[in-house]
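Here is a short briefing on one structure.

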Amino acid sequence: MVNLGVNIHKLNLKNPVLTASGTFGYGEEFDDFIDVNALGGIIVKATTSKHREGNPYPRMAETPMGMLNAVGLQNKGIGYFVENIYPKLLKYNNCIIANVSDSTVEGYVEVAEKMNRLDHISAIELNISCPNVKEGGMAFGTSCPSATAVTRAVREVYDKTLIVKLSPNVTNIVEIALAVESAGADAVSLINTLLGMAIDAEKRKPVLSTITGGLSGPAIKPVALRMVWQVAKAVKIPVIGIGGITTASDAIEFLLAGASAIQVGTANFVDPQATVKIIAGIEDYLQRHRISDVKQLIGGLTI
Amino acid sequence: MKKYILNFKILTNQALNYNHNLLELECNEPLPVMVPGQFAEVRVDGSVNTYLRRPFSIHRVNPERNSIHLLIKSVGEGSLTLANLKAKATVNIMLPLGNGFPIEENGDVLLVGGGCGVAPLWFLADQLKKKGNEISMLIGGRSAKDILLADNYAEFGKVYISTEDGSQGEPGMVTVHSILKQDKLPFTAIYCCGPDGMMKAVSHIAEKQGIPCLVSLENTMACGIGACLCCVVDTKQGNRCVCTDGPVFSSLELKGWSAETEVGCSLDK
């Protein structure tokens, strides 16, 4: 008998496996393939203050062992979420985490305030990779002052577990992590997508309508692993690892690097059952290594 | 309809022309229930460049052989790999996906396929015929070698052909074929699959005569199940996922497809 339970601040996850926002819809899309309740938790698609149609098609490009996306945070806004989506999430008995995104601090605060009142939402994950329209479109998460400002503003209105999702498109992700920790984040999750581009040589045009987009999938794992390791050494709050996790071994590598939990994203597209296979694989690893509790793996890297 | 992830085994691989293959694949488990217009997301193993699954229309379902047929056009590494698979090779497939064509008794119906757009139309013709409809089929292509599977459609009804170079059937695009140039088209519904420009042009003809026109779209996609929002098409109700709200849409639902808004159609996407 092994114990797979992990804690992220006040969250008690039955296992370390979560799904990454934007890759798992609102859960029910995967009902034919897995029992969503078997997961440690799910992080639903980003919610913004206003309805967003997102970017024009084409929004994706396949890349070696990965993909680029430029979806553009398409969602119907917080009002619609509260009325129409939230009631459907009540059937899940695991951790339901809402990803919160916006283009202004006021927008983030509005969404966080409304999410605060929803009992079945255990935590929010603040997506600070969004462009800040008031700072010329520079992402909130690319500077300490703006990352701090948005975290602090949301902290004022949000009482439950506040996870801040970090952008890797920075010179020093550790300083951003420390900044949001000081500003009141209860945990950090990293990495969001890496900025990339694809070109169609025959048509001589960019593949994405937005020219650049976010790279995800196994190709980014080494970068993500490195950043998780660096951040976990620097902060005291829990770290959630994201980036190309496909197998149980990948997940365990992130735990060893210092993550207390992980998110599975792009892997869900290739295998909608990836998450439950990872949970089973972690259990198998613990049994093989005669480790009774998965928490013993967290930061367990021997150097 | 419930979706499954299943292993299939190649039974036959028939080369139709220089860049199209028809694969028959037998399922290792009982075949799920599926309807015309739905598609399969096929995993292509063996290359880092074919990381994501590839979508292909379900061309035909054979319950006695527990098999499906997929029409593969070789356009890149993934499709080329599938086109070169030999008998007994295993293929992992997620299906059935998408909304499918509604199968109703309409009377006289016209199916229009351009190039590899004929892919979903065999299964559709089969089910529509069983529902009591009279089937007419119009197949278009650049030249005779691009007209696919015309003989296979003959069992359902009359087959008309258009080739741009006139090497088979009537010369020109499908929209100038005599069957579509009639003042009063004798059809109660038109079903169409092929390049966007072709589908738009056919839908205009249908719209002008008040005939419902259902089209099957193809957008690049990742998850195939409505979770990632990559494959959207702009409709009158906003963005909709081709993989879940489609691939079949009424032409009137699609933004910019109506005859009143279109100034001219290009045959390229």
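## Briefing

In chain A, 4 strands form an open sheet in the order 5-6-16-13, and the pairing is antiparallel. The edge strands are strand 5 (60–63) and strand 13 (194–197) of chain A, each of which pairs on one side only. From one strand to the next, the twist averages 40°. The model is predicted.

**Strand 16 and its partners**

- Strand 16 of chain A covers residues 212–216 and runs antiparallel to strand 13 of chain A, with 4 bridges joining the two.
- Within that pairing, L195(A) has G214(A) of strand 16 as its bridge partner.
- L194(A) stands opposite L215(A) in strand 16 of chain A.
- Strand 6 (residues 66–69) of chain A is also antiparallel to strand 16 of chain A, and 3 bridges join them.
- Here N69(A) has G214(A) as its bridge partner in strand 16 of chain A.

**Strand 18 and its parallel partners**

- Strand 18 of chain A spans residues 261–264; A261(A) and Q263(A) point one way, I262(A) and V264(A) the other way, and all are buried.
- Strand 3 (residues 17–19) of chain A pairs with strand 18 of chain A in the parallel sense, over 3 bridges.
- In that pairing, the bridge partner of L18(A) is Q263(A) of strand 18.
- Strand 17 (residues 239–242) of chain A also runs parallel to strand 18 of chain A, joined by 3 bridges.
- In this case G241(A) stands opposite I262(A) of strand 18 of chain A.

**S189 of chain A**

- S189(A) lies in strand 12 (residues 187–190) of chain A.
- Is S189(A) buried or exposed? S189(A) has 30 other C-beta atoms within 10 Å, so S189(A) is buried.
- Which residues does S189(A) contact, leaving aside its neighbours within four places in sequence? They are E125(A), I163(A), K165(A), I240(A), I242(A) and Q263(A).
- Among these contacts, Q263(A) belongs to strand 18 of chain A.
- S189(A) and I262(A) are 73 residues apart in sequence, yet 8.4 Å apart in space, C-alpha to C-alpha.

**Helix 2 against helix 3**

- Helix 2 (residues 105–116) and helix 3 (residues 144–157) of chain A pack at an angle of about 30°, with their axes 9 Å apart.
- Angles under 35 degrees count as roughly parallel, and helix 2 and helix 3 of chain A are therefore roughly parallel to each other.
- The crossing of helix 2 and helix 3 of chain A is right-handed.
- Helix 2 of chain A brings V105(A), Y108(A), V109(A), A112(A), E113(A) and N116(A) to the contact.
- Helix 3 of chain A brings A149(A), V150(A), A153(A), V154(A) and V157(A).
- By class, the residues of this contact divide into 9 nonpolar, 1 polar and 1 charged.

**Chain A against chain B**

- How many residues does each chain give to the contact? Chain B gives 23 residues and chain A gives 27 residues.
- On the side of chain B that touches chain A, strand 13 (232–235) and strand 14 (238–241) of chain B each supply at least two residues.
- That side of chain B has 13 nonpolar, 6 polar and 4 charged residues.

How values were computed:
Residues are numbered from 1 along each chain as its sequence is written. Chains are lettered from A and ligands numbered from 1 in the order in which they are written. This is a predicted model: local features need pLDDT of at least 70, side-chain atom pairs count only at pLDDT 80 or more; totals for chains, interfaces and linings use all residues. Two strands pair if DSSP finds at least two bridges between them. Axes are lines fitted to C-alpha atoms, for helices over the stretch in contact, and angles run from 0 to 180 degrees between N-to-C directions. Angles under 35 degrees count as roughly parallel, over 145 as roughly antiparallel, 65 to 115 as roughly perpendicular and the rest as oblique. A crossing is left-handed if the near helix is turned anticlockwise from the far one by less than a right angle, and right-handed if clockwise. Two residues are in contact if their C-beta atoms, placed from the backbone, lie within 7 Å. Ala, Val, Leu, Ile, Met, Phe, Trp, Tyr, Cys and Pro count as nonpolar, Asp, Glu, Lys and Arg as charged, and the others, Gly among them, as polar. A residue is buried if 20 or more other C-beta atoms lie within 10 Å of its own, exposed if 12 or fewer, and partly exposed in between; C-beta atoms are placed from the backbone.
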